[in-house]
Number of protein chains: 2
Amino acid sequence: MVYFTVGPTQLFSEVKNFIKEALTEDILSISHRGEKFKKIYDFAERSLRKLLDVPDTHEIFFFSSATEIMERILQNCVEKHSFHVVNGAFSERFYQIARELGKEPHILRKEWGSGIYPDEVKVEKQDEIICMVQNETSTGVSIPMEVIYGIKESYPDKILAIDIVSSAPYVDINFRMVDIAFFSVQKGFGLPAGLGVCILHKQCIQKAKSLANRGISIGSYHGFLNIHKKSIDKQTVETPNVLGIYLLGKICEFFISTKGTDSLKNIVRKHAGMIYESIEDSKVFGAFVKENYFRSETTIVLESKYGSKSVLDFLRGKGIEVSSGYGKFKDRHLRIGNFAMHTTKEVEELLTSLNIFEEKSLKS
Amino acid sequence: MVYFTVGPTQLFSEVKNFIKEALTEDILSISHRGEKFKKIYDFAERSLRKLLDVPDTHEIFFFSSATEIMERILQNCVEKHSFHVVNGAFSERFYQIARELGKEPHILRKEWGSGIYPDEVKVEKQDEIICMVQNETSTGVSIPMEVIYGIKESYPDKILAIDIVSSAPYVDINFRMVDIAFFSVQKGFGLPAGLGVCILHKQCIQKAKSLANRGISIGSYHGFLNIHKKSIDKQTVETPNVLGIYLLGKICEFFISTKGTDSLKNIVRKHAGMIYESIEDSKVFGAFVKENYFRSETTIVLESKYGSKSVLDFLRGKGIEVSSGYGKFKDRHLRIGNFAMHTTKEVEELLTSLNIFEEKSLKS
């Protein structure tokens, strides 16, 4: 089966070898307090820093999921008020977590499938952070980074936090304009699930400190101050997902080794072009995101005239798995995870299969 | 290298095959919302329930580490006051997490290396929960379950929570006398790190509900109410460590398949006897825990006349890795993880090596 799902998704074929190496090298048995682990941690951190061009102003922290990271950001960076752009299921979750933590979040709600322009965003004076999902896995909306930079320019004093769960590591980020970006590894990195990564400006640790000093709970073991203290020594507070951190370093190294037109970013761009082009004249499939400007290259969401189930079943018969729609669109949408582990041949097979489905269904 | 470390530790040799199976069966790519995952979740839950004899009164929840579970218990079961028996590093952490969360914990502090008897425990009326570490990985103290039942008998209305991180699945627990027991999988289960498991009485979910209803934050995505809601459908709130859950089910099935004198519990008991016996007349090594009654079978802590470093180095030269002491005892103790993945031959090699070290060091 080839997984064009939005995450967990197909592993990079290299990952199987990395796992075998991990087993051979006893990576799953070593102490998380020993030198060997510290080297693994350091390698993962340095490789990721290089891959995503993360400056020294920012720290890299490991968590267990992107969902956890949403919670920890709101605990550590918000005394009372957060501001949320909500245009899909995951931005909604970010907002709901703020509420569950007893914060008082403000919200700018947009239709599912809509993007946002900088001048729509009105952040209130008391808001401490702007929370956005840069690439909405539920809808296939991608907010271009220039929009996000525009918002930061209007509100330079607010912490800007973006979820790049399903666009990393393909989206280019200028970290001078982004305070926090976070993701999990079971999507674009093509790794097993169970690790979240948060890149955050050092000022966020200061913010956590100032909250803690004023007696506001910033959580416990995964409060930014505790994590930061351990991270200096290339360790985690708890026994972490050691395999996950090991694999992250290895896959980053692999990404870095691909260059030029063969770079993994270019592959994703090329395949996204192929997929969107193939449905342009389709009578069955259409892009859910109407504005070209907001269409994601990594999570491509299609409306299907005949619903999702028959298409999913048909593709499965061809050895291809794609994701159904999310939430209220479960039965109407297809979501295609377009990450760089897929070969052009696999993408062609996906498109051929969709085409055959279309011809068959229009005839019957 | 053979890992007699206290965790992460040696994997069961079966685990490598389970991982290969997981790769072959695309377990790392499947959706965490699909039927295949639900079956994996259900199998892990049912197998663990069978292995540990967990009654229907208790739920099983998955987390990312035992440290996380300490936080979630205190968030979800405590409005204000928790009671902690602290006799080592991990019981200290449980207590500190309560403080970091802004609770008002009470403490009964004992020397590292000491156990506790039921009549020493005086819990105050307002305390909502009794928190104990049944098996202290830092010191090798194991509180016999009869002591813990005695405490519960004295305080039947308090929630009793025990950390069995380094004794599971070898310790027998009567869950009619224990409300919460939790562990992580990189110790006695011989699995890769990155998964914590909490077994909790349904009344703990009711407690969380009553806190939430009174406007007290019980956390967000990993609040017991959110987890419980998803668990009914054999799912997790976030994208979990799918491999970890898969491996847990497989290793539980393996444990269940061993019976009689070959049962994995009996193997651990036998090996523990061998290890303690071997140092009885030693002039170099002695058990750190002075009272026999409190000596752990799974984490055996030795004082070393010549400190830990030279012993660790010597053993490493023999292809054996044991853990150093914890915290203030780092340079003075050895900690031996005695779990059932070790063969009797490996234990004999460990003991022979310790004996050679002793003879050499006494001569020189």
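## Contact between the chains

Two residues are in contact if their C-beta atoms, placed from the backbone, lie within 7 Å. In this predicted model, 43 residues of chain B are in contact with 43 residues of chain A. The side of chain B that touches chain A draws at least two residues from each of α1 (13-24), α3 (66-77), α4 (89-100) and α8 (242-257) of chain B. Helices (H or I, at least four residues) and strands (E, at least two) are DSSP runs, numbered from the N terminus. By class, this side of chain B has 17 nonpolar, 20 polar and six charged residues; Ala, Val, Leu, Ile, Met, Phe, Trp, Tyr, Cys and Pro count as nonpolar, Asp, Glu, Lys and Arg as charged, and the others, Gly among them, as polar.

Residues are numbered from 1 along each chain as its sequence is written, while chains are lettered from A and ligands numbered from 1 in the order in which they are written. Because the model is predicted, local features need pLDDT of at least 70 and side-chain atom pairs count only at pLDDT 80 or more, whereas totals for chains, interfaces and linings use all residues.

## The seven-stranded sheet of chain A

Seven strands of chain A form an open sheet of mixed pairing, in the order β2-β10-β9-β8-β5-β3-β4. Two strands pair if DSSP finds at least two bridges between them. The edges are β2 (58-63) and β4 (106-109) of chain A; each has a single partner strand, so one side of each is left without a neighbour in the sheet. The twist averages 15 degrees from one strand to the next. Axes are lines fitted to C-alpha atoms, for helices over the stretch in contact, and angles run from 0 to 180 degrees between N-to-C directions.

Within this sheet, β5 (residues 129-133) and β8 (residues 159-163) of chain A run parallel and are joined by five bridges. Ile129(A) stands opposite Ile159(A) in β8(A). Helix α3 (residues 66-77) of chain A packs on the sheet and touches β2, β3 (82-86), β5, β8, β9 (180-184) and β10 (196-201) of chain A, with its direction at about 155 degrees to that of β9(A).

## Helices α3 and α4 of chain A

α3(A) packs with helix α4 (residues 89-100) of chain A at an angle of about 45 degrees, their axes 9 Å apart. The two helices α3(A) and α4(A) are therefore oblique to each other; angles under 35 degrees count as roughly parallel, over 145 as roughly antiparallel, 65 to 115 as roughly perpendicular and the rest as oblique.

Thr67(A), Met70(A), Glu71(A) and Leu74(A) in α3(A) meet Arg93(A), Phe94(A), Ile97(A) and Ala98(A) in α4(A). The residues of this contact divide into five nonpolar, one polar and two charged.

## The five-stranded sheet of chain B

In chain B, an open sheet of five strands has the order β1-β13-β14-β12-β11, with mixed pairing. The twist averages 40 degrees from one strand to the next. β1(B) pairs with strand β13 (residues 320-324) of chain B in the parallel sense over three bridges, and Val2(B) has Ile320(B) in β13(B) as its bridge partner.
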